[in-house]
Amino acid sequence: MSKNPFYITTPIYYPSDRLHIGHAYCTTIADSIARYKRLAGFDVFFLTGSDEHGQKIQRKAEETNTTPLAYVDKIVASFQQLWEKLDISNDDFIRTTEKRHHELVQAVFQKIYDQGDIYKAEYEGWYCTPCETFWMERQLTDGKCPDCGRPVEIVKEESYFFRMAKYQDRLLKYIEENPDFIQPTSRRNEMLNFIKGGLEDLCVSRTTFDWGIPVPFDTKHVVYVWFDALTNYITAAGYLNDKEKFAKYWPADIHLVGKEIVRFHSIIWPVILMALGIELPKKVYGHGWLVVEGDKMSKSKGNVIDPLALIDEFGADAIRYFLLREITLGLDGNFSRDALINRINADLANDLGNLLHRSLSMIGRFNGGVIEAPGESEAIDQELIELAGTTAVRYEQYMEQQDINAALKEVWALIGRTNKYIDETGPWALAKDPAKKGRLNTVLYNLAEVLRIVAILISPFMPQTSPKIWRQLGLKTDFAGVQFNEAQAWGRLPVGTVVAKAEPIFPRIEEQPDSQAETQ
Ligand code: ME8
(Lines give C-alpha, C1' and ligand atoms only; values in the text may rest on other atoms or scores of the structure.)
Protein backbone atom coordinates (compact mmCIF):
# COMPACT_ATOMS: atom_id res chain seq x y z
CA MET A 1 0.00 0.00 0.00
CA SER A 2 1.46 3.38 -0.90
CA LYS A 3 1.93 5.79 1.97
CA ASN A 4 0.24 9.15 2.18
CA PRO A 5 2.63 11.97 1.30
CA PHE A 6 3.41 14.84 3.66
CA TYR A 7 5.49 17.85 2.67
CA ILE A 8 6.80 20.28 5.28
CA THR A 9 9.21 23.18 4.89
CA THR A 10 11.15 25.68 7.01
CA PRO A 11 12.07 29.11 5.69
CA ILE A 12 15.30 29.03 3.74
CA TYR A 13 17.54 31.13 5.96
CA TYR A 14 19.83 33.95 4.80
CA PRO A 15 23.47 32.98 4.94
CA SER A 16 24.36 36.56 5.82
CA ASP A 17 25.45 35.38 9.24
CA ARG A 18 25.65 32.18 11.27
CA LEU A 19 22.33 30.87 12.54
CA HIS A 20 21.17 31.48 16.10
CA ILE A 21 18.82 29.74 18.50
CA GLY A 22 15.74 31.30 16.81
CA HIS A 23 16.52 29.52 13.55
CA ALA A 24 17.24 26.33 15.47
CA TYR A 25 13.84 26.70 17.14
CA CYS A 26 11.94 26.82 13.84
CA THR A 27 13.89 23.93 12.33
CA THR A 28 13.43 21.79 15.45
CA ILE A 29 9.66 22.24 15.29
CA ALA A 30 9.57 21.29 11.61
CA ASP A 31 11.84 18.32 12.27
CA SER A 32 9.63 17.08 15.10
CA ILE A 33 6.53 17.29 12.94
CA ALA A 34 8.35 15.50 10.11
CA ARG A 35 9.55 12.77 12.45
CA TYR A 36 6.10 12.35 13.95
CA LYS A 37 4.56 12.01 10.49
CA ARG A 38 7.13 9.38 9.48
CA LEU A 39 6.36 7.52 12.70
CA ALA A 40 2.67 7.69 11.81
CA GLY A 41 3.39 6.04 8.46
CA PHE A 42 3.51 9.02 6.09
CA ASP A 43 5.88 9.41 3.17
CA VAL A 44 7.50 12.63 4.36
CA PHE A 45 9.40 15.19 2.38
CA PHE A 46 11.03 17.66 4.75
CA LEU A 47 12.83 20.59 3.18
CA THR A 48 15.13 23.29 4.51
CA GLY A 49 17.81 25.35 2.83
CA SER A 50 19.46 28.71 2.26
CA ASP A 51 18.34 31.93 0.59
CA GLU A 52 21.56 33.12 -0.94
CA HIS A 53 20.88 36.03 -3.29
CA GLY A 54 20.07 39.68 -2.79
CA GLN A 55 21.56 42.99 -1.85
CA LYS A 56 22.11 42.13 1.80
CA ILE A 57 24.39 39.19 0.95
CA GLN A 58 26.17 41.13 -1.77
CA ARG A 59 26.98 43.91 0.69
CA LYS A 60 28.15 41.48 3.37
CA ALA A 61 30.51 39.89 0.85
CA GLU A 62 31.84 43.30 -0.19
CA GLU A 63 32.48 44.21 3.45
CA THR A 64 34.65 41.12 3.83
CA ASN A 65 36.32 41.45 0.42
CA THR A 66 35.08 38.14 -0.88
CA THR A 67 32.76 37.11 -3.68
CA PRO A 68 29.15 36.51 -2.67
CA LEU A 69 29.43 32.84 -3.54
CA ALA A 70 32.59 32.31 -1.48
CA TYR A 71 30.90 34.18 1.36
CA VAL A 72 27.73 32.06 1.35
CA ASP A 73 29.57 28.78 0.74
CA LYS A 74 31.26 29.13 4.09
CA ILE A 75 28.15 30.09 6.02
CA VAL A 76 25.95 27.46 4.37
CA ALA A 77 28.47 24.84 5.49
CA SER A 78 27.88 26.03 9.06
CA PHE A 79 24.08 25.66 8.56
CA GLN A 80 24.56 22.08 7.49
CA GLN A 81 26.87 21.37 10.39
CA LEU A 82 24.30 22.79 12.81
CA TRP A 83 21.47 20.69 11.38
CA GLU A 84 23.57 17.58 11.64
CA LYS A 85 24.43 18.26 15.27
CA LEU A 86 20.83 19.06 16.09
CA ASP A 87 19.76 15.79 14.47
CA ILE A 88 17.61 17.43 11.83
CA SER A 89 16.19 14.85 9.45
CA ASN A 90 15.63 16.99 6.36
CA ASP A 91 15.22 15.05 3.12
CA ASP A 92 16.66 17.81 0.97
CA PHE A 93 18.63 21.02 1.46
CA ILE A 94 18.06 23.59 -1.23
CA ARG A 95 20.48 26.38 -2.02
CA THR A 96 19.05 29.10 -4.23
CA THR A 97 22.40 29.29 -6.04
CA GLU A 98 21.93 25.75 -7.36
CA LYS A 99 21.38 25.20 -11.08
CA ARG A 100 18.06 23.39 -10.54
CA HIS A 101 16.68 26.48 -8.79
CA HIS A 102 18.24 29.06 -11.10
CA GLU A 103 16.63 27.41 -14.11
CA LEU A 104 13.28 27.01 -12.44
CA VAL A 105 13.06 30.64 -11.31
CA GLN A 106 13.84 31.77 -14.84
CA ALA A 107 11.19 29.44 -16.27
CA VAL A 108 8.59 30.67 -13.78
CA PHE A 109 9.42 34.33 -14.37
CA GLN A 110 9.25 33.82 -18.14
CA LYS A 111 5.91 32.02 -17.92
CA ILE A 112 4.30 34.74 -15.83
CA TYR A 113 5.76 37.42 -18.12
CA ASP A 114 4.51 35.65 -21.24
CA GLN A 115 0.99 35.53 -19.90
CA GLY A 116 1.09 39.28 -19.20
CA ASP A 117 1.24 39.23 -15.40
CA ILE A 118 4.69 40.80 -15.29
CA TYR A 119 5.26 44.20 -16.92
CA LYS A 120 8.02 46.81 -17.05
CA ALA A 121 7.75 50.19 -15.33
CA GLU A 122 9.72 52.52 -13.10
CA TYR A 123 9.95 51.86 -9.37
CA GLU A 124 10.38 54.76 -7.07
CA GLY A 125 10.04 54.10 -3.38
CA TRP A 126 11.70 52.78 -0.28
CA TYR A 127 13.62 49.59 0.35
CA CYS A 128 14.62 47.88 3.58
CA THR A 129 17.76 45.91 2.75
CA PRO A 130 17.92 43.80 5.96
CA CYS A 131 14.33 42.60 5.26
CA GLU A 132 14.73 42.77 1.47
CA THR A 133 11.34 44.50 1.34
CA PHE A 134 9.83 47.31 -0.72
CA TRP A 135 7.73 49.88 1.13
CA MET A 136 5.55 52.78 0.13
CA GLU A 137 5.98 56.10 1.88
CA ARG A 138 2.65 55.72 3.68
CA GLN A 139 3.61 52.29 5.06
CA LEU A 140 6.75 53.51 6.86
CA THR A 141 6.74 54.02 10.62
CA ASP A 142 8.51 57.27 11.51
CA GLY A 143 10.33 57.00 8.21
CA LYS A 144 11.68 53.53 9.14
CA CYS A 145 10.89 49.96 8.09
CA PRO A 146 7.58 48.99 9.74
CA ASP A 147 8.79 45.38 10.17
CA CYS A 148 12.22 45.79 11.74
CA GLY A 149 12.43 49.51 12.58
CA ARG A 150 15.69 49.97 10.70
CA PRO A 151 16.40 52.79 8.21
CA VAL A 152 15.16 52.35 4.67
CA GLU A 153 16.78 53.65 1.51
CA ILE A 154 15.27 55.31 -1.52
CA VAL A 155 15.24 53.23 -4.66
CA LYS A 156 14.56 54.60 -8.11
CA GLU A 157 15.09 52.19 -10.95
CA GLU A 158 13.52 50.55 -13.95
CA SER A 159 11.79 47.40 -12.71
CA TYR A 160 9.51 44.59 -13.63
CA PHE A 161 6.23 44.49 -11.74
CA PHE A 162 4.05 41.53 -10.89
CA ARG A 163 0.29 42.07 -11.16
CA MET A 164 -0.58 41.22 -7.59
CA ALA A 165 -3.54 43.61 -7.44
CA LYS A 166 -5.31 41.58 -10.13
CA TYR A 167 -5.41 38.57 -7.79
CA GLN A 168 -6.59 40.38 -4.69
CA ASP A 169 -10.21 39.22 -4.75
CA ARG A 170 -9.32 35.61 -5.52
CA LEU A 171 -6.81 35.55 -2.68
CA LEU A 172 -9.23 37.08 -0.22
CA LYS A 173 -11.89 34.56 -1.17
CA TYR A 174 -9.44 31.69 -0.81
CA ILE A 175 -8.34 32.76 2.66
CA GLU A 176 -11.92 33.27 3.76
CA GLU A 177 -13.00 29.88 2.46
CA ASN A 178 -10.00 28.05 3.95
CA PRO A 179 -9.81 28.92 7.64
CA ASP A 180 -6.86 26.58 8.12
CA PHE A 181 -4.71 28.15 5.43
CA ILE A 182 -3.10 30.75 7.71
CA GLN A 183 -2.45 29.74 11.29
CA PRO A 184 -2.66 30.74 14.07
CA THR A 185 -5.88 32.76 13.78
CA SER A 186 -4.25 35.98 14.98
CA ARG A 187 -1.94 35.90 11.95
CA ARG A 188 -4.86 35.06 9.67
CA ASN A 189 -6.74 38.13 10.83
CA GLU A 190 -3.68 40.32 10.29
CA MET A 191 -3.34 39.05 6.74
CA LEU A 192 -7.02 39.52 5.98
CA ASN A 193 -6.77 43.13 7.12
CA PHE A 194 -3.63 43.65 5.10
CA ILE A 195 -5.27 42.38 1.90
CA LYS A 196 -8.45 44.34 2.52
CA GLY A 197 -6.23 47.44 2.74
CA GLY A 198 -5.50 46.83 -0.96
CA LEU A 199 -2.75 44.91 -2.75
CA GLU A 200 -0.30 46.84 -4.93
CA ASP A 201 1.57 45.34 -7.84
CA LEU A 202 4.93 44.10 -6.60
CA CYS A 203 8.33 45.12 -7.89
CA VAL A 204 10.02 41.82 -8.83
CA SER A 205 13.36 42.83 -10.30
CA ARG A 206 16.36 45.00 -9.41
CA THR A 207 19.06 46.60 -11.54
CA THR A 208 21.39 48.33 -9.06
CA PHE A 209 23.27 45.20 -8.07
CA ASP A 210 23.81 41.86 -9.76
CA TRP A 211 23.87 39.13 -7.09
CA GLY A 212 20.75 37.32 -8.17
CA ILE A 213 19.15 35.28 -10.91
CA PRO A 214 19.04 37.26 -14.16
CA VAL A 215 15.63 37.96 -15.66
CA PRO A 216 15.80 35.61 -18.66
CA PHE A 217 14.62 38.11 -21.27
CA ASP A 218 16.36 41.21 -19.86
CA THR A 219 19.59 40.26 -18.18
CA LYS A 220 20.48 43.62 -16.72
CA HIS A 221 17.75 42.84 -14.18
CA VAL A 222 18.01 40.28 -11.40
CA VAL A 223 14.89 38.63 -9.97
CA TYR A 224 13.73 40.12 -6.66
CA VAL A 225 15.12 37.93 -3.89
CA TRP A 226 11.75 37.08 -2.31
CA PHE A 227 10.32 35.98 -5.67
CA ASP A 228 13.43 33.82 -6.10
CA ALA A 229 13.35 32.49 -2.51
CA LEU A 230 9.66 31.55 -2.33
CA THR A 231 9.98 29.53 -5.50
CA ASN A 232 12.38 27.17 -3.71
CA TYR A 233 9.41 25.25 -2.36
CA ILE A 234 8.38 24.10 -5.83
CA THR A 235 11.92 23.68 -7.15
CA ALA A 236 12.63 21.08 -4.49
CA ALA A 237 9.27 19.39 -5.03
CA GLY A 238 10.15 18.85 -8.68
CA TYR A 239 7.96 21.43 -10.46
CA LEU A 240 8.47 21.25 -14.26
CA ASN A 241 11.27 18.70 -13.78
CA ASP A 242 9.92 15.70 -11.96
CA LYS A 243 6.23 15.28 -12.66
CA GLU A 244 5.80 12.27 -10.44
CA LYS A 245 7.47 13.84 -7.44
CA PHE A 246 5.55 17.07 -7.84
CA ALA A 247 2.24 15.25 -8.16
CA LYS A 248 3.06 13.36 -5.01
CA TYR A 249 4.22 16.14 -2.68
CA TRP A 250 2.56 19.30 -3.94
CA PRO A 251 0.66 21.12 -2.48
CA ALA A 252 2.87 21.40 0.59
CA ASP A 253 1.12 20.48 3.81
CA ILE A 254 2.85 23.07 5.97
CA HIS A 255 5.12 26.00 5.36
CA LEU A 256 6.40 26.68 8.85
CA VAL A 257 7.73 30.24 9.10
CA GLY A 258 8.34 32.96 11.68
CA LYS A 259 5.51 35.41 12.19
CA GLU A 260 7.42 38.25 10.47
CA ILE A 261 7.39 36.49 7.10
CA VAL A 262 3.83 35.15 7.11
CA ARG A 263 2.94 38.02 4.80
CA PHE A 264 5.34 36.85 2.09
CA HIS A 265 4.08 33.29 2.39
CA SER A 266 0.37 33.96 2.57
CA ILE A 267 0.13 36.83 0.08
CA ILE A 268 3.01 36.98 -2.41
CA TRP A 269 3.55 33.23 -2.61
CA PRO A 270 -0.11 32.27 -3.17
CA VAL A 271 -0.41 34.89 -5.88
CA ILE A 272 2.68 33.53 -7.68
CA LEU A 273 1.09 30.07 -7.49
CA MET A 274 -2.26 31.36 -8.73
CA ALA A 275 -0.51 33.00 -11.66
CA LEU A 276 1.16 29.66 -12.42
CA GLY A 277 -2.11 27.80 -12.05
CA ILE A 278 -0.76 25.63 -9.24
CA GLU A 279 -2.60 24.65 -6.07
CA LEU A 280 -1.86 26.67 -2.94
CA PRO A 281 -0.09 25.15 0.08
CA LYS A 282 -2.47 23.71 2.65
CA LYS A 283 -1.14 25.69 5.54
CA VAL A 284 1.17 28.56 6.41
CA TYR A 285 1.96 28.42 10.12
CA GLY A 286 3.52 31.50 11.68
CA HIS A 287 5.42 30.65 14.83
CA GLY A 288 6.39 33.20 17.47
CA TRP A 289 9.76 34.73 18.27
CA LEU A 290 12.29 33.63 20.76
CA VAL A 291 13.58 36.45 22.92
CA VAL A 292 16.55 36.19 25.26
CA GLU A 293 15.99 37.07 28.88
CA GLY A 294 13.05 39.15 27.63
CA ASP A 295 15.04 41.01 24.97
CA LYS A 296 15.16 40.72 21.18
CA MET A 297 18.37 39.01 20.05
CA SER A 298 20.77 41.28 18.25
CA LYS A 299 24.48 41.49 17.57
CA SER A 300 24.67 45.01 18.96
CA LYS A 301 23.22 43.86 22.28
CA GLY A 302 25.61 40.91 22.28
CA ASN A 303 22.82 38.53 23.32
CA VAL A 304 22.78 36.26 20.30
CA ILE A 305 22.64 32.66 21.44
CA ASP A 306 24.74 30.19 19.45
CA PRO A 307 22.93 26.85 19.29
CA LEU A 308 26.15 24.93 18.54
CA ALA A 309 27.68 25.97 21.85
CA LEU A 310 24.52 24.89 23.69
CA ILE A 311 24.45 21.52 21.93
CA ASP A 312 28.09 20.95 22.86
CA GLU A 313 27.33 21.77 26.45
CA PHE A 314 23.95 20.08 27.01
CA GLY A 315 23.40 17.73 24.07
CA ALA A 316 21.00 18.07 21.14
CA ASP A 317 18.03 16.33 22.75
CA ALA A 318 18.02 18.56 25.82
CA ILE A 319 18.05 21.69 23.65
CA ARG A 320 15.34 20.32 21.38
CA TYR A 321 13.19 19.36 24.35
CA PHE A 322 13.57 22.76 25.96
CA LEU A 323 12.63 24.67 22.81
CA LEU A 324 9.59 22.53 22.17
CA ARG A 325 8.35 22.32 25.74
CA GLU A 326 9.03 25.81 26.98
CA ILE A 327 7.48 27.75 24.11
CA THR A 328 3.90 27.41 22.94
CA LEU A 329 3.82 27.26 19.16
CA GLY A 330 2.46 30.50 17.75
CA LEU A 331 3.40 32.60 20.78
CA ASP A 332 6.65 34.35 21.61
CA GLY A 333 8.84 32.63 24.14
CA ASN A 334 11.79 33.38 26.32
CA PHE A 335 15.15 31.68 26.23
CA SER A 336 17.12 31.73 29.44
CA ARG A 337 19.94 29.57 30.67
CA ASP A 338 18.29 29.13 34.05
CA ALA A 339 15.03 27.97 32.47
CA LEU A 340 16.98 25.53 30.30
CA ILE A 341 18.82 24.06 33.27
CA ASN A 342 15.61 23.87 35.28
CA ARG A 343 13.89 21.93 32.51
CA ILE A 344 16.82 19.55 32.11
CA ASN A 345 16.95 18.87 35.83
CA ALA A 346 13.22 18.69 36.52
CA ASP A 347 11.75 17.07 33.41
CA LEU A 348 14.63 15.10 31.94
CA ALA A 349 16.90 14.10 34.84
CA ASN A 350 14.19 13.81 37.50
CA ASP A 351 10.95 12.78 35.84
CA LEU A 352 12.09 10.78 32.83
CA GLY A 353 15.59 9.82 33.95
CA ASN A 354 14.47 8.64 37.36
CA LEU A 355 11.55 6.66 36.01
CA LEU A 356 13.89 4.75 33.74
CA HIS A 357 16.57 4.35 36.34
CA ARG A 358 14.30 3.26 39.17
CA SER A 359 12.37 0.84 36.97
CA LEU A 360 15.42 -0.85 35.48
CA SER A 361 17.20 -1.02 38.82
CA MET A 362 14.22 -2.76 40.40
CA ILE A 363 13.84 -5.20 37.50
CA GLY A 364 17.58 -5.88 37.94
CA ARG A 365 17.49 -6.23 41.70
CA PHE A 366 14.23 -8.11 42.17
CA ASN A 367 13.99 -10.19 38.99
CA GLY A 368 17.58 -10.60 37.84
CA GLY A 369 16.92 -8.17 34.97
CA VAL A 370 14.18 -10.31 33.39
CA ILE A 371 10.80 -8.82 32.52
CA GLU A 372 8.46 -11.51 33.83
CA ALA A 373 4.85 -12.14 32.79
CA PRO A 374 2.41 -10.00 34.79
CA GLY A 375 0.50 -11.71 37.61
CA GLU A 376 -2.44 -10.37 39.60
CA SER A 377 -3.85 -7.06 38.51
CA GLU A 378 -5.48 -4.31 40.58
CA ALA A 379 -7.50 -1.20 39.82
CA ILE A 380 -4.39 1.00 39.99
CA ASP A 381 -2.86 -1.01 37.14
CA GLN A 382 -5.95 -0.61 35.00
CA GLU A 383 -5.89 3.10 35.64
CA LEU A 384 -2.26 3.31 34.50
CA ILE A 385 -2.94 1.24 31.39
CA GLU A 386 -5.91 3.42 30.51
CA LEU A 387 -3.87 6.55 30.99
CA ALA A 388 -1.18 5.19 28.65
CA GLY A 389 -3.93 4.58 26.08
CA THR A 390 -5.52 8.01 26.37
CA THR A 391 -2.07 9.65 26.33
CA ALA A 392 -1.33 8.13 22.92
CA VAL A 393 -4.76 9.18 21.61
CA ARG A 394 -4.50 12.77 22.83
CA TYR A 395 -0.90 12.99 21.73
CA GLU A 396 -1.96 12.07 18.20
CA GLN A 397 -4.75 14.65 18.21
CA TYR A 398 -2.38 17.37 19.37
CA MET A 399 0.35 16.44 16.92
CA GLU A 400 -2.13 16.54 14.06
CA GLN A 401 -2.79 20.18 15.02
CA GLN A 402 0.96 20.87 15.45
CA ASP A 403 0.39 21.46 19.15
CA ILE A 404 3.72 19.97 20.16
CA ASN A 405 3.69 21.64 23.52
CA ALA A 406 0.41 20.02 24.52
CA ALA A 407 1.55 16.63 23.21
CA LEU A 408 4.67 16.84 25.37
CA LYS A 409 2.62 17.79 28.42
CA GLU A 410 0.53 14.65 27.92
CA VAL A 411 3.63 12.46 27.83
CA TRP A 412 5.01 14.09 30.96
CA ALA A 413 1.70 13.62 32.74
CA LEU A 414 2.03 9.89 32.02
CA ILE A 415 5.64 9.91 33.25
CA GLY A 416 4.59 11.75 36.41
CA ARG A 417 1.72 9.35 37.04
CA THR A 418 4.02 6.36 36.56
CA ASN A 419 6.55 7.70 39.06
CA LYS A 420 3.68 8.02 41.52
CA TYR A 421 2.55 4.49 40.65
CA ILE A 422 5.94 3.24 41.85
CA ASP A 423 5.47 5.00 45.18
CA GLU A 424 1.91 3.75 45.52
CA THR A 425 2.57 0.11 44.62
CA GLY A 426 5.87 -0.08 46.56
CA PRO A 427 7.68 -2.82 44.60
CA TRP A 428 10.44 -2.99 47.27
CA ALA A 429 7.84 -4.15 49.80
CA LEU A 430 6.27 -6.60 47.32
CA ALA A 431 9.73 -8.06 46.67
CA LYS A 432 10.13 -9.00 50.32
CA ASP A 433 7.06 -11.22 50.33
CA PRO A 434 7.24 -14.37 48.14
CA ALA A 435 3.41 -14.51 48.13
CA LYS A 436 3.41 -11.17 46.29
CA LYS A 437 5.66 -12.30 43.44
CA GLY A 438 2.82 -12.19 40.91
CA ARG A 439 1.90 -8.69 41.99
CA LEU A 440 5.54 -7.58 41.81
CA ASN A 441 5.80 -8.92 38.27
CA THR A 442 2.69 -6.98 37.26
CA VAL A 443 4.10 -3.71 38.59
CA LEU A 444 7.52 -4.21 37.01
CA TYR A 445 5.99 -5.22 33.68
CA ASN A 446 3.79 -2.14 33.69
CA LEU A 447 6.75 0.13 34.38
CA ALA A 448 8.76 -1.31 31.52
CA GLU A 449 5.73 -1.12 29.25
CA VAL A 450 5.11 2.55 30.01
CA LEU A 451 8.77 3.23 29.27
CA ARG A 452 8.47 1.42 25.93
CA ILE A 453 5.50 3.63 25.03
CA VAL A 454 7.21 6.79 26.27
CA ALA A 455 10.30 5.97 24.18
CA ILE A 456 8.11 5.92 21.07
CA LEU A 457 6.16 9.05 21.94
CA ILE A 458 9.22 11.19 22.64
CA SER A 459 11.15 10.05 19.56
CA PRO A 460 10.04 12.91 17.28
CA PHE A 461 11.37 15.39 19.85
CA MET A 462 14.37 13.55 21.28
CA PRO A 463 15.60 11.23 18.56
CA GLN A 464 18.80 10.25 20.38
CA THR A 465 17.14 9.44 23.68
CA SER A 466 14.51 6.99 22.42
CA PRO A 467 16.94 4.39 21.04
CA LYS A 468 18.89 4.65 24.33
CA ILE A 469 15.76 3.82 26.34
CA TRP A 470 14.94 1.07 23.86
CA ARG A 471 18.34 -0.54 24.31
CA GLN A 472 18.25 -0.21 28.08
CA LEU A 473 14.86 -1.93 28.07
CA GLY A 474 16.58 -4.80 26.30
CA LEU A 475 14.43 -4.52 23.17
CA LYS A 476 16.11 -6.21 20.27
CA THR A 477 14.20 -4.61 17.40
CA ASP A 478 15.82 -1.66 15.68
CA PHE A 479 14.19 1.50 16.98
CA ALA A 480 14.38 3.05 13.51
CA GLY A 481 11.66 0.67 12.31
CA VAL A 482 9.16 1.45 15.07
CA GLN A 483 5.71 2.76 14.08
CA PHE A 484 3.35 5.02 16.00
CA ASN A 485 0.65 2.34 16.38
CA GLU A 486 3.06 0.39 18.61
CA ALA A 487 2.62 3.17 21.17
CA GLN A 488 -1.14 2.74 21.02
CA ALA A 489 -1.12 -0.95 21.92
CA TRP A 490 -0.55 -2.10 25.50
CA GLY A 491 1.40 -5.29 26.13
CA ARG A 492 3.77 -5.30 23.17
CA LEU A 493 6.83 -5.72 25.40
CA PRO A 494 7.87 -9.38 25.11
CA VAL A 495 7.89 -11.32 28.36
CA GLY A 496 11.36 -12.68 29.03
CA THR A 497 13.12 -9.56 27.75
CA VAL A 498 16.33 -8.97 29.66
CA VAL A 499 16.93 -5.34 30.50
CA ALA A 500 20.36 -3.72 30.42
CA LYS A 501 22.07 -2.07 33.33
CA ALA A 502 20.49 1.32 34.02
CA GLU A 503 22.64 4.17 32.70
CA PRO A 504 21.70 7.77 33.41
CA ILE A 505 20.35 9.36 30.21
CA PHE A 506 20.27 12.95 31.50
CA PRO A 507 22.72 13.73 34.30
CA ARG A 508 21.66 16.59 36.56
CA ILE A 509 23.30 19.92 35.80
CA GLU A 510 24.85 21.22 38.99
CA GLU A 511 25.08 24.93 38.36
CA GLN A 512 24.02 27.76 40.59
CA PRO A 513 21.18 29.64 38.90
CA ASP A 514 23.06 32.94 39.02
CA SER A 515 26.24 31.67 37.35
CA GLN A 516 26.65 32.76 33.74
CA ALA A 517 28.66 30.18 31.85
CA GLU A 518 29.48 31.12 28.30
CA THR A 519 26.65 30.38 25.87
CA GLN A 520 27.07 33.33 23.62
O1 ME8 B 1 13.55 35.63 6.43
N2 ME8 B 1 12.82 33.50 17.10
O3 ME8 B 1 15.49 34.36 6.44
P4 ME8 B 1 16.06 34.61 7.91
C5 ME8 B 1 12.24 32.53 16.39
N6 ME8 B 1 15.46 34.19 3.84
N7 ME8 B 1 12.51 32.30 15.10
C8 ME8 B 1 13.41 33.06 14.51
C9 ME8 B 1 14.07 34.10 15.19
C10 ME8 B 1 13.73 34.30 16.56
N11 ME8 B 1 14.29 35.24 17.30
N12 ME8 B 1 14.90 34.68 14.33
C13 ME8 B 1 14.77 34.01 13.14
C14 ME8 B 1 14.40 34.94 5.87
N15 ME8 B 1 13.88 33.03 13.25
C16 ME8 B 1 14.21 34.57 4.42
C17 ME8 B 1 13.20 33.46 4.32
S18 ME8 B 1 11.70 31.75 2.95
C19 ME8 B 1 11.25 31.57 1.35
C20 ME8 B 1 12.85 33.04 2.94
C21 ME8 B 1 13.47 32.07 12.21
O22 ME8 B 1 17.43 34.04 7.89
C23 ME8 B 1 12.00 32.27 11.86
O24 ME8 B 1 11.49 31.07 11.35
O25 ME8 B 1 15.89 36.03 8.30
C26 ME8 B 1 12.08 33.33 10.78
O27 ME8 B 1 10.94 33.39 9.95
C28 ME8 B 1 13.31 32.88 10.02
O29 ME8 B 1 14.18 32.37 11.03
C30 ME8 B 1 13.92 34.03 9.26
O31 ME8 B 1 15.17 33.65 8.81
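Four elements each supply at least two residues of the shell around the ligand: S1, H1, helix H7 (225–230) and S12. Helices (H or I, at least four residues) and strands (E, at least two) are DSSP runs, numbered from the N terminus. The model is predicted: local features need pLDDT of at least 70, side-chain atom pairs count only at pLDDT 80 or more, and totals for chains, interfaces and linings use all residues. Residues are numbered from 1 along each chain as its sequence is written.

In total, 19 residues surround the ligand. A residue counts as near a molecule or strand if its C-beta atom, placed from the backbone, lies within 6 Å of it. The closest are Tyr13, Gly22, Cys26, Asp51 and Gly258. H1 gives the largest share of the shell, four residues.

Now turn to the sheet. Six strands form an open sheet, in the order S3-S2-S1-S12-S13-S7, with parallel pairing. Strand S3 (92–95) and strand S7 (182–183) stand at the edges with a single partner strand each, so one side of each lacks a neighbour in the sheet. Two strands pair if DSSP finds at least two bridges between them. Strands of a sheet pair through backbone hydrogen bonds, either parallel or antiparallel.

Strand S1 (residues 5–13) runs parallel to strand S12 (residues 254–258), and two bridges join them. Here threonine 9 stands opposite histidine 255 in S12. S12 is also joined to S13 by four bridges, again in parallel. Histidine 255 faces valine 284 in S13 across that pairing. Between S12 and S13 the chain passes through helix H10 (residues 262–276), a right-handed β-α-β crossover. Right-handed means that, with the strands pointing away from the viewer, the path from the first strand over the helix to the second runs clockwise.

S12 is largely enclosed by the rest of the structure, because four of its five residues are buried. A buried residue has 20 or more other C-beta atoms within 10 Å of its own; C-beta atoms are placed from the backbone.

Helices lie on this sheet. Helix H1 (residues 21–39) lies across S1, strand S2 (43–50), S12 and strand S13 (284–287), running at about 170° to S1. Axes are lines fitted to C-alpha atoms, for helices over the stretch in contact, and angles run from 0 to 180 degrees between N-to-C directions. Contact means C-beta atoms, placed from the backbone, within 7 Å. Helix H3 (residues 68–85) packs on the sheet too, touching S1, S2 and S3.

Terms used:
Contact = placed C-beta atoms within 7 Å. Buried ≥ 20, exposed ≤ 12 C-beta atoms within 10 Å, placed from the backbone.
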